[in-house]
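Here is a walk through one protein chain, taken step by step. Keep the sequence and the 3D view open while reading.

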Amino acid sequence: MTTLKNDRYIRALLKQPVDATPVWMMRQAGRYLPEYKAVRKEAGDFMAVCTNPELACEVTLQPLRRFKLDAAILFSDILTIPDAMGLGLYFEAGEGPKFKHPIKSLADVKKLPNPDPEIELKYVMDAVRTIRKNLKGSVPLIGFSGSPWTLATYMIEGGSSKAFTKIKKMAFAEPQTLHLLLDKVADSVITYLNAQIAAGAQSVMIFDTWGGVLSPRDYKLFSLQYMEKIVAGLTREYEGNKVPVTLFTKNGGMWLESIAATGCDALGLDWTIDIADAKARVGDKVALQGNMDPSVLYASKERIEQEVQDILAGFGAGEGHVFNLGHGIHLDVPPENAGYFVDAVHKYSKQYHK
Ligand code: 1CP
C-alpha cells in the first residue's frame with residue numbers, strides 16, 4: 001500500500017468520506033500558463049515536451065505549484081497510441097493535431113500493430129515514473145487515454161473534425177471495418193493504461209470527447225461497447241491500492257445509466273447536465289466528476305465563487321464528488337481565476353462533509 005499525503009481525489013472516486021471536495025481541472029497544464037509556453041518554446045514544440053520525461057514532469061507539476069489541486073494529470077496526449085501505431089502524428093501551427101497516414105481501408109486496419117508500451121510508448125511510461133517520483137506522495141497521479149471511438153475519429157478523419165463525415169461513412173457503409181479498428185484500438189488502450197498503472201498512475205480516465213456526436217443506438221454500438229471492454233480489461237487494484245476508472249463522454253448526459261453500467265467507478269460530466277439530476281440518476285452506483293462550464297472562468301471572482309457554490313449545493317451532502325470543469329480550461333483564461341475556482345471548491349465544500 002502507498003500512502004498519499006492528500007488522497008481526497010482517490011477517496012471521492014471510491015465514494016469514501018473526505019474533509020473537502022477534491023478538485024482538479026481538465027487540461028490544467030497548458031497554454032493558459034505562461035510557464036508552460038516558456039517550456040514549450042524552449043523545447044521546440046508540443047511533442048518535444050511529451051517525449052522528454054523531465055519536461056513532461058515539469059509541465060505536469062506547474063499548475064500544482066500555483067493552485068491547491070488535489071490531483072496531477074500526466075502531461076501527454078490521447079493521440080500517442082495512433083502515433084505509435086504508425087499513423088505519423090504532427091501538429092501544424094494553429095491547426096491542431098494531424099496524421100500523415102490516416103486509416104482509409106480494411107487493409108490499413110489489418111496492418112495496425114498493438115504497440116508495446118515499454119518500447120514505442122516508453123517515453124510516456126518514463127514520464128509517469130518521473131512524475132510519480134517527483135510528486136513524492138503529495139497527490140495522486142492520473143493516467144489517461146482516449147476512447148476507441150474518439151481515437152478512431154482522428155485516425156480516420158486525419159485530424160480534428162466538425163462533421164465526422166469520413167468515420168460516419170465507414171460506420172454505415174463498412175461497419176465491419178470500423179468494428180475491427182475499434183476492437184484493435186480497445187486492445188491497445190488496455191495494454192497502454194495497464195502499463196501506465198504499473199508505471200505509477202494511481203487512477204485512469206478515458207476521454208470520449210466525441211461519443212456525443214452519435215445517435216443513442218450508435219453510441220452503444222461504436223463507443224460504449226468498446227469502453228466497456230476496456231473497463232473489464234483494466235488493472236483495478238495495484239500493489240494493494242484500488243485504481244479508480246473514470247469515463248467521460250462529452251455530451252453524454254442522456255446516457256449516464258448505460259455508462260455507469262460499464263462497471264467504471266466514476267463518470268465525468270460536462271456542463272450541459274445538472275449535477276443534481278445526474279446524482280439522482282446514477283449517484284448510488286458511481287462517483288461524479290464535474291461540471292462547471294469552463295467559460296465561467298472568464299467571469300469575476302464573485303461569479304466564479306457563486307457558480308462553485310451552486311454546483312456544490314446541487315450535489316449536496318454525501319460522498320462521491322470530484323469537482324472539475326465540464327471540459328478543458330480555455331487557453332486565454334487568466335490563471336488567477338483558476339486559483340479562485342480551486343480555492344472556492346475547498347472553502348465552500350467543507351460544510352457538506354461533516
Ligand atoms: O501546446 C500546444 O499547443 C498543444 C496543445 C495540447 C495540449 C496542452 C494538445 C494538443 N494536447 C495537450 C495535452 C493534453 N491533451 C492533456 C494533458 C494536459 C492536462 O490535462 O493537463 C490531455 C489530458 C489531453 C487529452 C486530449 N487531447 C483530448 C481529450 C480531452 C479533451 O480535451 O476533450 C483530446 C480530444 C485531445 C486531442 C488534442 N490534442 C491537442 C489538441 C489541441 C487536441 C484537440 C483537438 C480537437 O479539438 O480536435
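Predicted model: local features only at pLDDT ≥ 70, side-chain atom pairs only at ≥ 80, totals over all residues.

Gly143 stands opposite Val204 in strand S5. Strands of a sheet pair through backbone hydrogen bonds, either parallel or antiparallel.

How are the side chains of S5 arranged? Ser203, Met205 and Phe207 point one way, while Val204, Ile206 and Asp208 point the other way. In a regular strand the side chains alternate between the two faces of the sheet. Both sets in S5 are buried, and the strand is described as mostly covered, with six of its six residues buried.

Now take the sheet as a whole. Seven strands form an open sheet in the order S1-S4-S5-S8-S9-S10-S11, with parallel pairing. Strand S1 (72-73) and strand S11 (321-325) stand at the edges; each has a single partner strand, so one side of each is left without a neighbour in the sheet. For S1, the pairing with strand S4 (residues 141-146) is parallel and rests on two bridges. Within this pairing, Ile73 stands opposite Ile142 in S4.

Further along the order, strand S9 (residues 266-268) runs parallel to S10, and three bridges join them. Leu267 has Leu288 as its bridge partner in S10. Strand S10 (residues 287-292) is mostly covered, with six of its six residues buried.

Is Gln202 buried or exposed? Its relative accessibility is 12%, so Gln202 counts as buried, since buried means under 20%. Leaving out residues up to four places away in sequence, Gln202 touches Leu4, Ile10, Arg132, Val139, Pro140, Leu141, Lys242, Val243 and Pro244.

What does Phe341 touch, apart from its neighbours within four places in sequence? Phe341 is in contact with Val23, Met25, Met292, Leu297, Ile304, Val308, Phe323, Asn324 and Leu325.

Charged side chains come next. The structure holds 16 salt bridges. In one of them, the side chains of Arg8 and Asp19 meet at 2.8 Å, N to O. This pair links distant parts of the chain: Arg8 is in helix H1 (residues 8-13), and Asp19 is in the loop between H1 and helix H2 (34-43), eleven residues apart. Arg8 counts as buried because its relative accessibility is 16%, whereas Asp19, at 42%, counts as partly exposed.

Another salt bridge joins the side chains of Lys111 and Asp108, at 3.7 Å, N to O. Lys111 and Asp108 both lie in helix H6 (residues 106-111), three residues apart, which is about one turn of the helix. Lys111 is exposed, with a relative accessible area of 66%.

The side chains of Glu118 and Arg129 also meet in a salt bridge, at 3.0 Å, N to O. Glu118 lies in the loop between H6 and helix H7 (122-135), and Arg129 lies in helix H7, so the pair ties together parts that are eleven residues apart in sequence. Glu118 is partly exposed, with a relative accessible area of 35%, and Arg129 is partly exposed as well, with 34%. Salt bridges that share partners join Glu118, Lys122, Asp126 and Arg129 into one network.

The last topic is empty space. Rolling a probe the size of a water molecule over the atoms shows where empty space is left. The largest pocket has a volume of about 1,400 Å³. Its lining has 41 residues, of which Arg27, Arg31, Asp77, Phe91 and Pro97 lie nearest its centre. The elements that give two or more residues to this lining are H2, helix H3 (46-50), strand S2 (89-92) and strand S3 (96-99). Which element gives the most to the lining? S2 does, with three residues.

Definitions and conventions:
Residues numbered from 1 in each chain as written. Heavy atoms only, no water. Salt bridge = Lys/Arg side-chain N within 4 Å of Asp/Glu carboxyl O. Helix = DSSP H or I, 4+ residues; strand = E, 2+ residues; numbered from the N terminus. Buried < 20%, exposed > 50% of the residue type's maximum accessible area, 1.4 Å probe, protein only. Pairing = 2+ DSSP bridges. Contact = heavy atoms within 4.5 Å. 1 Å grid on protein atoms, 1.4 Å probe; cavity = no way out; pocket = protein on both sides within 12 Å on 5 of 7 lines; lining within 4 Å. Points joined across faces, edges and corners; volume = space filled by probe spheres on them.
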